[in-house]
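Q: Could you walk me through the charged pairs in this model, and then through one of the helices?

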Amino acid sequence: MRTRKSVPLLMGLLLALSSCALGGERGPEPLTPMPSEVPTGPEYASVDDVIAALAKGGFDCKVTLRNENQFGSDATCEVQHRATTVVNEISVLSTSRYSRDEIGDSIATGRRAYRHTIVAAGNWFIWVRPGVYAYDMAKALPGAVVLEPLTER
């Protein structure tokens, strides 16, 4: 009697374990490549270089937050433009640490998951808020393009 009850139980346990193995870890998701319209340059060494380029383009960016490490740097800065405070969250990533597709994957996450409007080129990108001013920021930065938010279809 004991054998009849334990066989179905054992079969159920084996089935559950095998389904776990089949649906287990399959490795990391593939990277979303850098959009083809994003130029390979200019590349900047730090956020200070991007902020200097914004200033040269006519936007005096007041830094409110800054972070630097061996993999790059980021900062938040604000500009007054058309009677609006425009917030720029700037990320500059080290090309010795990150590939172009890894940078593209970061950009894609912001555009898809968070609906960010991004200005990008080379090894850097900026989340511009409000997004309607992204085109003005891009004009101030040599080679920059605007990437609109991605929506699921």
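Q: What does D48 form with R66, and how far apart are the closest N and O atoms?
A: This is a predicted model, and in it D48 and R66 form a salt bridge whose closest N and O atoms are 2.4 Å apart.

Q: How many salt bridges does a search of the whole structure find?
A: The search finds three. Besides the pair already discussed, R129 forms one with E89, where the closest N and O atoms are 2.6 Å apart, and D136 forms one with R82, where the corresponding separation is 3.6 Å.

Q: Take D136 and R82, then: where do they sit in the chain?
A: D136 is in helix α4, residues 134-140, and R82 is in the loop between β2 (72-81) and β3 (84-93), so that this pair links distant parts of the chain, 54 residues apart.

Q: Is D136 buried or exposed? And what about R82, buried or exposed?
A: D136 is buried, with a relative accessible area of 11%, whereas R82 counts as exposed, at 60% relative accessibility.

Q: And R129 with E89, which strands are those in?
A: The salt bridge between R129 and E89 has R129 in strand β5, residues 124-129, and E89 in strand β3, so the pair ties together parts that are 40 residues apart in sequence. R129 counts as partly exposed at 28% relative accessibility, and E89 counts as partly exposed at 29%.

Q: Switching to the helix: which residues in α2 are buried?
A: In α2, the buried residues are V47, V50, I51, A53 and L54. Seen down the axis of α2, these buried residues fall within an arc of 160°, so they line one face of the helix.

Q: Why would a spacing like that put side chains on one face?
A: An α-helix has 3.6 residues a turn, so residues three or four places apart point the same way.

Q: What covers the buried residues of α2?
A: The cover includes the strands β1, β2, β3 and β5, together with helix α4.

Notes
Residues are numbered from 1 along each chain as its sequence is written. This is a predicted model: local features need pLDDT of at least 70, side-chain atom pairs count only at pLDDT 80 or more; totals for chains, interfaces and linings use all residues. Side-chain values use heavy atoms; hydrogens and water are left out. A salt bridge is a side-chain nitrogen of Lys or Arg within 4 Å of a carboxyl oxygen of Asp or Glu. Helices (H or I, at least four residues) and strands (E, at least two) are DSSP runs, numbered from the N terminus. Buried means under 20% relative accessible area, exposed over 50%, partly exposed in between (1.4 Å probe, protein chains only). The arc is that of the directions from the helix axis to the C-beta atoms. Contact means heavy atoms within 4.5 Å.
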